[in-house]
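Please keep the sequence and the structure open while reading.

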Amino acid sequence: MVTAESLSGTPVVPGLAFGPALRVSGEVSAEAIARYGDGGFSDPDAALAAFDDAAGTVAEGFARKADKVSGASAEVLTASAGLARDKGLRGAVAKNLTAGTGLIESVQLAANQFVDVFTAMGGLMAERATDLRDIERRVIAHLVGEPEPGVPTPENASVLVAEDLAPSDTAGLDPTLIVALVTERGGPTSHTAIIARQLGIPCVVGVAGATGLSGGTALLVDGTLGSIEIDPDRAESIARVDRDRAARAELESWSGPAKTLDGTHVKLLANVADGESARQASGSPVEGVGLFRTELCFLNRQDEPDREEQADIYAEVLEAFSRPGQYVVIRTLDAGSDKPIAFATHEGEENPALGVRGLRLSFDNPALLDHQLDGVAGAAQRTGTETWVMAPMVATVEEAKEFAEKVRARGLKPGIMIEVPSAALLAHRMLEVVDFVSIGTNDLTQYTMAADRMATDLAHLTDPWQPAVLQLIAITASAGRANGKPVGVCGEAAADPALACVLVGLGVTSLSMAPAAVRAVGAQLDKVSMTTCVEVAEAALAADDPLSARAAVRACLDR
Ligand code: PEP
Ligand code: MG
């Protein structure tokens, strides 16, 4: 039970929402499990039949939800239905039953066994562990006769409050009934955050104490500041939400190009993953692509595509931005760590985030980079699009120099990402050997704060508003100014309208983000002068922590 007047966490999707807390029923009650005991089955076959019944009902529930949604949400739910019916899982339960174990324990042991396997595989497979735990809870709930855990359907628009959300919970959410998400765990790159961004509903993660909120408590969620007001004045809250909605609706008419109130041009660009997302992005008010994450084209590839096939893939993205004045920044393979690619990644590294990832993969396999650069050059020639190429995970000037030589030899414009603190500290020397840099704030934050960007418990550290991260951005931006070369930001930080003002004030010249975020950032920049941007940058740098940095900047922008 929470007695405070407000809670706070990491804001991930901006906006205001007001509604009663809707609690996700997490676990099946221990009493129900104790009452169920060994289930009283005559033999293992009878127990297995009860498992089949329960797992079948769970799978049908997922399939029904999948029918009501589309796209990524439907895929997630269909995959969960398949996992509930998985033969391997059933086989493991049967084996435990035959060994004399009770049904519930057999299900738990089988789930543990597969969770261990998924976790050891890492990357995307590790995320399936959450799905499996969700299935385990639902099957056990059916066995003991309790309602399935998960998101209940509310009668009125509500704020969903949970410890964390399983992908199958978030995939079927109806944004007219669930108006905001608040979770105790989870970081800015967590599944909850990604789904909230897709649904366009305010979201705050990493909220200590959230699970102490009782169902029905009125909450005002501020997804911009990361605050949750408990039992606020109802009329005033509704008025604030209405004003926020009206301001958001106004954004839809923003058409770019972006400039500050006093006319300083700031390039807004899109982050894309393939031809399809590039075509979609070309309909938004951007001047090009600031980050094409090429590795995302190859997540399911076992073998390296040859130069021609790569050229075809890259040309699809370049074609979408071939108008005069537009350009595309292609990032070479950032395989490894959280993005394993079968034909590139080194297996069995103790610490993959600090291992052979990004540009480092070319150290003992230069052909990997050469083939990719040939593919990019082929695509650039074919489409005529202005093409810039940058390398991820550059740590030394020597690496930047060698990369730049290879890129220039193919008639392309070379740059590097600033994601490693060493690269930020030496930005002035990096910029002597490349034509531009782009700051990857996701990894720069991870490496500056020594906090795994996927670790849900470290969300307060993996926050680009950390003054130490802003300091490294300031160093990089001033190196850009001194060299007269562009300094972009292409991490999630660029999509935060308030932080965008800070970045511009620090001297960043372009911001690349998910296309859905572009209008909000552009409209915010329209309203501020360069003097204000510099002022908020100074305020953010001077703050002790992200919370006070956000508050100081917001106060300044609202003046
Ligand atoms: C970053 O690290 O900020 C970045 C843009 O790269 P990615 O998120 O793909 O690692
Ligand atoms: Mg990165």
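## The open sheet

Leu22 stands opposite Leu160 in strand E4, and this pair belongs to the three bridges that join E3 to E4, two strands that run parallel. Helices (H or I, at least four residues) and strands (E, at least two) are DSSP runs numbered from the N terminus, and two strands pair if DSSP finds at least two bridges between them. The model is predicted, so that local features need pLDDT of at least 70 and side-chain atom pairs count only at pLDDT 80 or more, while totals for chains, interfaces and linings use all residues. Residues are numbered from 1 along each chain as its sequence is written, chains are lettered from A and ligands numbered from 1 in the order in which they are written, and side-chain values use heavy atoms, with hydrogens and water left out.

Eight strands form this open sheet with mixed pairing, in the order E1-E8-E7-E3-E4-E5-E6-E2. Strand E1 (6-8) and strand E2 (10-13) stand at the edges with a single partner strand each, so one side of each is left without a neighbour in the sheet. Direction ignored, neighbouring strands are turned by 30° against each other on average.

## Strands within the open sheet

E3 is mostly covered, with six of its eight residues buried, where buried means under 20% relative accessible area, exposed over 50%, and partly exposed in between (1.4 Å probe, protein chains only).

Strand E4 (residues 158-162) pairs with strand E5 (residues 178-183) in the parallel sense over five bridges; Val159 stands opposite Ala180 in E5, and Ala162 stands opposite Thr183. E5 is also joined by two bridges to strand E6 (residues 203-205), again running parallel, with Val204 in E6 as the bridge partner of Val182. Six of the six residues of E5 are buried, so this strand is largely enclosed by the rest of the structure.

## The barrel

A further eight strands close into a barrel with parallel pairing, in the order E9-E10-E11-E12-E13-E14-E15-E16. Its neighbouring strands are turned by 25° against each other on average, direction ignored. Strand E10 (residues 288-293) and strand E11 (residues 327-331) pair in the parallel sense over four bridges, and Val289 stands opposite Val328 in E11.

Helix H11 (residues 307-319) packs on this sheet, touching strand E9 (267-272), E10, E11 and strand E12 (386-391), and its direction makes about 145° with that of E11. Helix H13 (residues 397-408) also packs on the sheet, touching E12 and strand E13 (413-418), at about 150° to the direction of E13. Axes are lines fitted to C-alpha atoms, for helices over the stretch in contact, and angles run from 0 to 180 degrees between N-to-C directions; contact means heavy atoms within 4.5 Å.

Helix H16 (residues 441-449) is mostly covered, with seven of its nine residues buried, among them Asp443, Leu444 and Tyr447. The buried residues of H16 pack against E10, E13, helix H14 (421-425), strand E14 (436-439), helix H17 (467-483) and strand E15 (487-489). Just after H16, Ala450 takes a positive phi of about 50°; this residue lies in the loop between H16 and H17 and is exposed, with a relative accessible area of 72%.

H9 lies across strand E3 (16-23), strand E7 (218-222) and strand E8 (227-230), running at about 120° to E3. In the loop between H9 and E9 is Pro257, joined to Gly256 by a cis peptide bond with omega of about -10°.

## The second largest pocket

About 800 Å³ of space lies in the second largest pocket, whose lining has 30 residues, with Asp244, Ala247, Gln524, Lys527 and Arg554 nearest its centre. The elements that give two or more residues to this lining are helix H9 (234-251), helix H19 (518-526), helix H20 (530-542) and helix H21 (546-558), and H9 gives the most, with seven residues. A pocket is an open set of points, on a 1 Å grid over the protein atoms alone, where a 1.4 Å probe fits, with protein on both sides within 12 Å along at least five of seven lines, and lining residues have an atom within 4 Å of a point. Grid points are joined across faces, edges and corners, and the volume is the space filled by probe spheres set on the points.

By class, the lining has 13 nonpolar, six polar and 11 charged residues, where Ala, Val, Leu, Ile, Met, Phe, Trp, Tyr, Cys and Pro count as nonpolar, Asp, Glu, Lys and Arg as charged, and the others, Gly among them, as polar.
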